[in-house]
Amino acid sequence: AEQAVATARRALAAARRLDPDLGPLAERLEALESELQDVSVRAADYLAELEIDPARLGAVEERIARLE
C-alpha cells in the first residue's frame, strides 16, 4: 500500500505542476502517505514487542495440523 500511495503522490505532484488546482488533492495524498508510514512503523513496533510462548505456539500448530 505504501508503494502505491507513493507512486500516486509522485504522479499527482507532476500533474500539479500543470494544474495548480490539484494542490489540495496533492496535499491530502501527502498526508495519507505520512499517516500510512506512521501506522506501518507502529504496527512493526507492536509485532517486534510481542512475546511468543513456544509451548503455546506448538499447541496451536498441533491443533491446526489436526484440522487440516
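This is a predicted model: local features need pLDDT of at least 70, side-chain atom pairs count only at pLDDT 80 or more; totals for chains, interfaces and linings use all residues.
# Notebook: helices and salt bridges

**Entry 1: Arg9.** I started with Arg9, which is partly exposed at a relative accessible area of 25%.

**Entry 2: the partner of Arg9.** Which side chain does Arg9 meet in a salt bridge? I found Glu33, with N to O at 2.3 Å. The two come from distant parts of the chain, 24 residues apart, with Arg9 in helix α1 and Glu33 in helix α2. Is Glu33 buried or exposed? Glu33 counts as buried, because its relative accessibility is 13% and the cut-off for buried is under 20%. I noted the pairing of a buried Glu33 with a partly exposed Arg9.

**Entry 3: the two helices.** Helix α1 covers residues 2-18, and helix α2 covers residues 23-49. How do α1 and α2 pack? I read an angle of about 160° between them, with the axes 9 Å apart. That makes the two helices roughly antiparallel, since angles over 145 degrees fall in that class. I also wrote down that α1 and α2 make a left-handed crossing.

Entry 4: How many salt bridges does the structure hold? The count is three, so I went on looking, since a bridge needs the nitrogen and oxygen within 4 Å. Glu27 and Arg16 make one of them, and their closest N and O atoms are 3.5 Å apart.

Entry 5: Asp38 forms a salt bridge with Arg42, where the closest N and O atoms are 3.0 Å apart. Where do Asp38 and Arg42 lie? I found both in helix α2, four residues apart, which is about one turn of the helix. Asp38 is partly exposed at 33%. Arg42 counts as exposed, because its relative accessibility is 56% and the class begins over 50%.

**Entry 6: distances from α2.** I then checked Glu30, which has its place in helix α2 and is partly exposed with a relative accessible area of 37%. Glu30 and Ala13 are 17 residues apart in sequence, and their C-alpha atoms are 9.6 Å apart in space. I looked up Val39 as well, which also lies in helix α2. From Val39 to Pro24 I read 15 residues in sequence and 23 Å in space, C-alpha to C-alpha. Val39 counts as partly exposed at 45% relative accessibility.

**Entry 7: a nonpolar patch.** Which residues form a nonpolar patch on the surface? They are Tyr46, Leu47 and Leu50, and together they have about 340 Å² of accessible area. Leu50 is in the loop between α2 and α3, the latter being residues 54-67. At 44% relative accessibility, Leu50 counts as partly exposed.

**Entry 8: looking back.** I end with the picture I would pass on to a new reader.

Terms used
Residues are numbered from 1 along each chain as its sequence is written. Side-chain values use heavy atoms; hydrogens and water are left out. Buried means under 20% relative accessible area, exposed over 50%, partly exposed in between (1.4 Å probe, protein chains only). Patches are made of residues with over 30% relative accessible area and no salt bridge: like charges are joined within 9 Å, nonpolar side chains (Val, Leu, Ile, Met, Phe, Trp, Tyr) within 5 Å. Accessible areas come from the Shrake-Rupley method with a 1.4 Å probe; for residues, only the protein chains shown count as cover. Axes are lines fitted to C-alpha atoms, for helices over the stretch in contact, and angles run from 0 to 180 degrees between N-to-C directions. Angles under 35 degrees count as roughly parallel, over 145 as roughly antiparallel, 65 to 115 as roughly perpendicular and the rest as oblique. A crossing is left-handed if the near helix is turned anticlockwise from the far one by less than a right angle, and right-handed if clockwise.
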